[in-house]
Amino acid sequence: MVRELAITLYLFIFSIVFKVCKWIPLQSKVTFVVSFSENNKSLYKEMIRQDFPCRTIFLTTSKMHSTFMKLEHANTLLFELKKPLQFVRSIYHLATSKVVFVDNYYGFLAKSSFKDSVECIQLWHANGAIKKFGLKDPSIIGRSPQALNRFQTVYDRFTKVIVGSEEMATIFKQAFNTPDQNIFRTGIPRTDIFFDESAKERTIKKLFSKYPFFQDKKIVLYAPTYRDNELDHFGLHLQLEMLQERLGNEYILLLKLHPAVRNKVQFPAHLDHFVFDFTEYYSMNDLLFISDLLITDYSSIPFEYSLLNRPMIFYLYDFEEYQQERGLWENYLELLPGPIAYSTEEVCHLINENEFDYKKIKDFSMKWNQYSTGKSSENVLGFVKKLISEKDC
């Protein structure tokens, strides 16, 4: 009840400001609403590469604000009520932009009755999906009719939903109740860099220059997704001491927690040569490029990592509980392109055994990266340029 009242108040304030700003004529500008970095930055880099002159605005969360503030030739605002002036300016840009990109579910869209000519494009932050979301998320069971109506209203705002495969198109149709004509088969911008060998080499060289100790090690990246009940007190269920002992000095472990997790994990001091916390590091892709092996769970990271054709282990220590509470798309276990472990001991065994099915990884990538062939940002920008003439910018 309290939650719904808070949401109602927030949307009431948003609605009033939006309706006032909507009286202002549309302008030839592109506004991004940002919770995650990779897709938005990839598309913006393509705009710069093509010297696309339109004004660009990024409306960000607190976590993303510093990252996007560094971008030249763009305006970045903190889209949160704690900064009232920036919040109002953000709504102004939403109401007056010809093109709006969103990368997540945003409740304010329920009150964003854009003008008919505006394109609101869903540039979802993940390239594929393992856990259920949207209208298929089990957590919406029991929500009020008002809330359910709000969810569908938000999804109905998406004039285009960008996908990298038919598999993801099918999921979006279910999760958002999106018609096929709204599915935009351009590929996912964040995957473009995986096809750019020189960019990958520069990234690897840069990281090894900053962390020379890594260069002679086998790098394991552990990137678990979040659990709803552990956002403030995330517990690391990987036994680090066992991992270090079983793998030896040949390996190091990089940890990258989900952006939603708010606490830092503490490590024993004697493991400081083995475990390195990269949770605050801005780019997941950079870490994927230098990693020899990925350990994850219900995250969407494998969809990108498979483009590198490198091994993955799925550490599902809480599979039954997670499946019941969070919900997974059908045939999840059959979908995985790597072996499953339910304990740290099994993780160690799989790494030391080093028997991975690379054909399965390749097939997985071809299935989920069907339209992502290195030109996704170019494809999306081509559509934007049809909506906004450069002479009007």
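**Close-up views of a predicted model**

**View A. Lysine 200 and glutamate 197 are joined by a salt bridge, their closest N and O atoms lying 3.0 Å apart.** A salt bridge here is a side-chain nitrogen of Lys or Arg within 4 Å of a carboxyl oxygen of Asp or Glu. The model is predicted, and local features therefore need pLDDT of at least 70 while side-chain atom pairs count only at pLDDT 80 or more, although totals for chains, interfaces and linings use all residues. Residues are numbered from 1 along each chain as its sequence is written, and side-chain values use heavy atoms, with hydrogens and water left out. Because they are three residues apart in helix H7, lysine 200 and glutamate 197 are separated by about one helical turn; helices (H or I, at least four residues) and strands (E, at least two) are DSSP runs numbered from the N terminus. Lysine 200 counts as buried at 11% relative accessibility, whereas glutamate 197, at 47%, counts as partly exposed. Buried means under 20% relative accessible area and exposed over 50%, with partly exposed in between (1.4 Å probe, protein chains only). Elsewhere, salt bridges that share partners join Glu46, Arg49, Lys375 and Glu378 into one network.

**View B. Arginine 185 takes part in a salt bridge with glutamate 166 and in another with aspartate 180.** The N to O distance is 2.5 Å for arginine 185 and glutamate 166, and the closest N and O atoms of aspartate 180 and arginine 185 are 2.8 Å apart. A search of the whole structure finds eleven salt bridges. Arginine 185 is partly exposed at 31% relative accessible area, as are glutamate 166 at 28% and aspartate 180 at 36%.

**View C. Strand E2 (residues 55-60) is largely enclosed by the rest of the structure, since five of its six residues are buried.** Strand E1 (residues 27-34) runs parallel to E2 and is joined to E2 by six bridges, with threonine 31 standing opposite isoleucine 57. From E1 the chain passes through helix H2 (residues 38-49) to E2 in a right-handed β-α-β crossover, a term meaning that, with the strands pointing away from the viewer, the path from the first strand over the helix to the second runs clockwise. E2 also pairs in the parallel sense with strand E3 (residues 75-78), over four bridges, and isoleucine 57 stands opposite asparagine 75 in E3. The crossover from E2 through helix H3 (residues 62-69) to E3 is right-handed.

**View D. Seven strands form an open sheet in the order E3-E2-E1-E4-E5-E6-E7, with parallel pairing.** E3 and E7 stand at the edges, each with a single partner strand, so one side of each is left without a neighbour in the sheet. Two strands pair if DSSP finds at least two bridges between them.

**View E. Helix H8 (residues 240-247) packs against helix H13 (residues 344-353) at an angle of about 25 degrees, with their axes 10 Å apart.** That angle makes H8 roughly parallel to H13; angles under 35 degrees count as roughly parallel, over 145 as roughly antiparallel, 65 to 115 as roughly perpendicular and the rest as oblique. Axes are lines fitted to C-alpha atoms, for helices over the stretch in contact, and angles run from 0 to 180 degrees between N-to-C directions. The crossing of H8 and H13 is right-handed, a crossing being right-handed if the near helix is turned clockwise from the far one by less than a right angle, and left-handed if anticlockwise.
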